[in-house]
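Please open the structure in your viewer and keep the sequence panel beside it. The stops below are meant to be selected one after another.

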Amino acid sequence: YAMGYRGKLSFDLRRNGSSTLVKEITLNLDDPYSKDAVLSIADDNGKILQYKITKAEEEVELSKVPWDFSGKLEVPAKITYWGNELKVTGLGTQCAEGRGSITAVTLPNTIRIIGGQALSYLNITEITIPEGVETIGAYAFLSDTKLKKVVLPSTMKLIDDGAFYNTTALTEIHIKATTPPVLTFSINFDQSAYDNAKLYVPQGCKSKYQNAENWKLFKNIVEE
């Protein structure tokens, strides 16, 4: 934020002095809450997390976790910036990818979407996706090789390509959706999960999952 400056700043991005315009960026410094603005907020431990505004003055997504973050990542339901409260409704693409020192993640029930590769290459052992989440992006949990347990909500509608691929330790998946979500590709889960993990589905829904595209690859489907 340019201290003391009001109004709009515009930038032309060009390649190495070329006359070819790559991108034009306009910042509205009268409104730091405008869509796509990035806010840096310290968590309770003093680590700076970045959030991108997805709906002006109302909603943000977690867009970047610092590379040296370790331990438990607790995503807040809301952040406060200059006295305004903004709801956290998503995890941005690659926001925590490769932060191998993260050993646990908790998500608030304000989350609606988990972006592609958002939580890949972590050292978490379980994850509960809260009610309200509808979409898990491509390769969101790729190569979380210590992940053993996944809980998916009743609101789940789409699990994109390779979302849980190479999660080779996975032994149990609990899904609360009575209608099988779209599972876009056969490698959304690792073959070891299809062969060895138990897929727990709601009472009366076993046949739905046994006949649903790609869900039917699970050899152990149990009602609960």
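The tour begins with the whole chain and then moves from stop to stop.

**Before starting**

This is a predicted model, in which local features need pLDDT of at least 70, side-chain atom pairs count only at pLDDT 80 or more, and totals for chains, interfaces and linings use all residues. Residues are numbered from 1 along each chain as its sequence is written, and side-chain values use heavy atoms, with hydrogens and water left out.

**The whole chain**

Display the protein chain as a cartoon. Its secondary structure comes to two helices and 18 strands; helices (H or I, at least four residues) and strands (E, at least two) are DSSP runs, numbered from the N terminus. Of the 224 residues, 42% count as buried. Buried means under 20% relative accessible area, exposed means over 50%, and partly exposed lies in between (1.4 Å probe, protein chains only). Among contacts between residues at least 6 apart in sequence, 38% join residues at least 24 apart, where contact means heavy atoms within 4.5 Å.

**The nonpolar core**

Next, select L152 and W215. These are the residues with the most contacts inside the largest nonpolar core, which has 58 residues. A nonpolar core is a set of buried Ala, Val, Leu, Ile, Met, Phe, Trp, Tyr and Cys residues joined through side-chain atoms within 4.5 Å. Not counting residues up to four places away in sequence, L152 touches I129, I136, I159, F164, I173, H174, I175, K176 and W215. In soluble globular proteins, nonpolar side chains tend to be buried together.

Which backbone oxygen does the side chain of N188 reach? Select N188 in the loop between β16 (182-183) and α1 (191-196). Its side chain reaches the backbone oxygen of I159 at 2.7 Å. That is a polar contact: a pair of N or O atoms within 3.5 Å, where within protein one must be able to donate a hydrogen and the other to accept it, and residues adjacent in sequence count only if both atoms are side-chain atoms. N188 is buried because its relative accessible area is 0%. Leaving aside neighbours within four places in sequence, N188 is in contact with I159, D160, D161, G162, A163, F164, Y165, L183 and Y194.

Now move to S120, in the loop between β10 (113-114) and β11 (126-128). S120 is also buried, with a relative accessible area of 0%. The side chain of S120 reaches the backbone oxygen of Q117 at 3.1 Å. Beyond residues up to four places away in sequence, S120 touches A96, E97, G98, Y139, A140, F141, L142 and D144.

**A loop residue and a helix residue**

Select V133, in the loop between β11 and β12 (135-136). V133 is buried, since its relative accessible area is 0%. The C-alpha atoms of V133 and N109 are separated by 7.9 Å, although these residues are 24 apart along the chain. Not counting residues up to four places away in sequence, V133 touches I111, R112, P153, T155 and M156.

Then select K206 in helix α2 (residues 206-211). Is K206 buried or partly exposed? With a relative accessible area of 32%, K206 is partly exposed. The C-alpha atom of K206 is separated by 6.8 Å from that of V222, 16 residues apart along the chain.

**Two positive phi angles**

Select Q94, in the loop between β8 (84-91) and β9 (102-106). Phi of Q94 is near 60 degrees, a positive value in a residue other than glycine. Q94 is partly exposed, with a relative accessible area of 38%. N214, in the loop between α2 and β18 (221-223), has a positive phi of about 75 degrees although it is not a glycine. N214 is buried, with a relative accessible area of 8%.
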